Amino acid sequence: MPTLLFASGIDDPAPWQAAFAKHRPDVRFRVWPDVGDPEEITHALIWRIEEGALRKLPNVKAIFALGAGIDQIIRDATFPRDVPLFRLVDAGLREQMTEYALYGVLHWHRQMGQYARQQAAGEWRMLEAVHPSHRRIGVMGLGVFGMDIARTLAAMGYDVAGWSRTPKTLDGVEGFAGPDGLEAFLGRSEILINVLPLTDETRGILSGRLFASLPGGGALIHLGRGGHLVEADLLAALEGKQLDWAMLDVFPTEPLPADSPLWAHPRVFVTPHVAAQPVSDAATSVVLDNFNRFERGEEPSGRVNIAAGY
Ligand code: NAP
Ligand code: GLV
């Protein structure tokens, strides 16, 4: 009998259990840490699980991630690399990611932070406007999310570029690729949006060196992974006005520690890793569809290239 182990730490199992009960009542649904007999587990549905736990499931055939990013799963040195891992592709997350990025762009581009300060001071003062066609935005990562963000911003008239590992061609978006394309890409990115996956190559990429390559006085919208960011370098870039503002959804340590200077920084907007959450029917449909496809011997969506790390 197929038996699915659910483990998250942040996601409520109830909607997932209900979806499986409705569409696949033949599947036994177990919620970590109540694994039952580990030999009975055939599939796993996880955001994150205790280190070494997957190794103790000798009959698991497929692992489905509860997220688009899977670094938190494969960082376990004992992760069973011979078992296929499938991440969420789009699955109702794409619209949320684009909304979040748009919010950050509009907030900074339309100088809403400054207007909020002026309102608090009772000050009626018009700031100089910038037409979207003169606002240069760079999107780091041109995958499912980055492409949608770049296309949406380009359609709104912004001057948009994107950076990816392999070259991409996107209408209305200037493409840059690989380490050789990074400097030129950064040099034109007044607003930098990060939606990269966290891999060995991208860890710590949001560093002082990268910030120094930006035009200066711009904004960072960071919704990739906490491990991309060197927090001390961000604080220094804000202090030195190399960056004017940062909107951060992900952090090297989550939850963000109470003593982090980011909480109260006047030019930092902190959100608690909520840019996109698998809360919609789209996410349960994708996982159920993937589960069924895998059982039929068909290829599910989102197979992770473990060697590349995304
Ligand atoms: P994806 O479709 O796999 O796209 C990843 C993009 O990053 C691709 O364009 C890829 O280049 C590029 N890339 C990877 N390594 C690179 C490198 N070394 N140099 C330059 N570009 C590189 O991923 P996705 O579905 O868009 O998701 C992206 C990330 O968003 C996830 O991994 C996760 O960390 C994050 N996320 C955050 C939240 C949140 O709530 N904050 C929610 C969901 C996901 P190629 O196109 O050449 O492969
Ligand atoms: C959330 O961060 C995800 O990777 O889906």
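This is a predicted model: local features need pLDDT of at least 70, side-chain atom pairs count only at pLDDT 80 or more; totals for chains, interfaces and linings use all residues.
1. Residues are numbered from 1 along each chain as its sequence is written, and side-chain values use heavy atoms, with hydrogens and water left out.

2. In the contact (heavy atoms within 4.5 Å), domain 1 supplies 10 residues and domain 2 seven residues.

3. Now the interface area. About 630 Å² is buried between domain 1 and domain 2, 46% of it from carbon and sulfur atoms; buried area here is the accessible area (1.4 Å probe) that the two parts lose on being put together, summed over both. On the domain 1 side, Ala-68, Asp-71 and Asp-90 lose the most area to domain 2, together 66% of what that side buries.

4. Charges next. Two salt bridges cross the interface of domain 1 and domain 2, by the rule of a side-chain nitrogen of Lys or Arg within 4 Å of a carboxyl oxygen of Asp or Glu. Asp-71 also pairs up with Arg-225 in a salt bridge, with the closest N and O atoms 2.8 Å apart.

5. Finally, the lining of the largest cavity: Phe-64, Ala-65, Phe-86, Arg-87, Leu-88, Val-286, Val-287 and Asn-290. On a 1 Å grid over the protein atoms alone, a cavity is a set of points where a 1.4 Å probe fits but cannot get out, and lining residues have an atom within 4 Å of a point.

Notes
Chains are lettered from A and ligands numbered from 1 in the order in which they are written. On a 1 Å grid over the protein atoms alone, a cavity is a set of points where a 1.4 Å probe fits but cannot get out, and a pocket is an open set with protein on both sides within 12 Å along at least five of seven lines; lining residues have an atom within 4 Å of a point.
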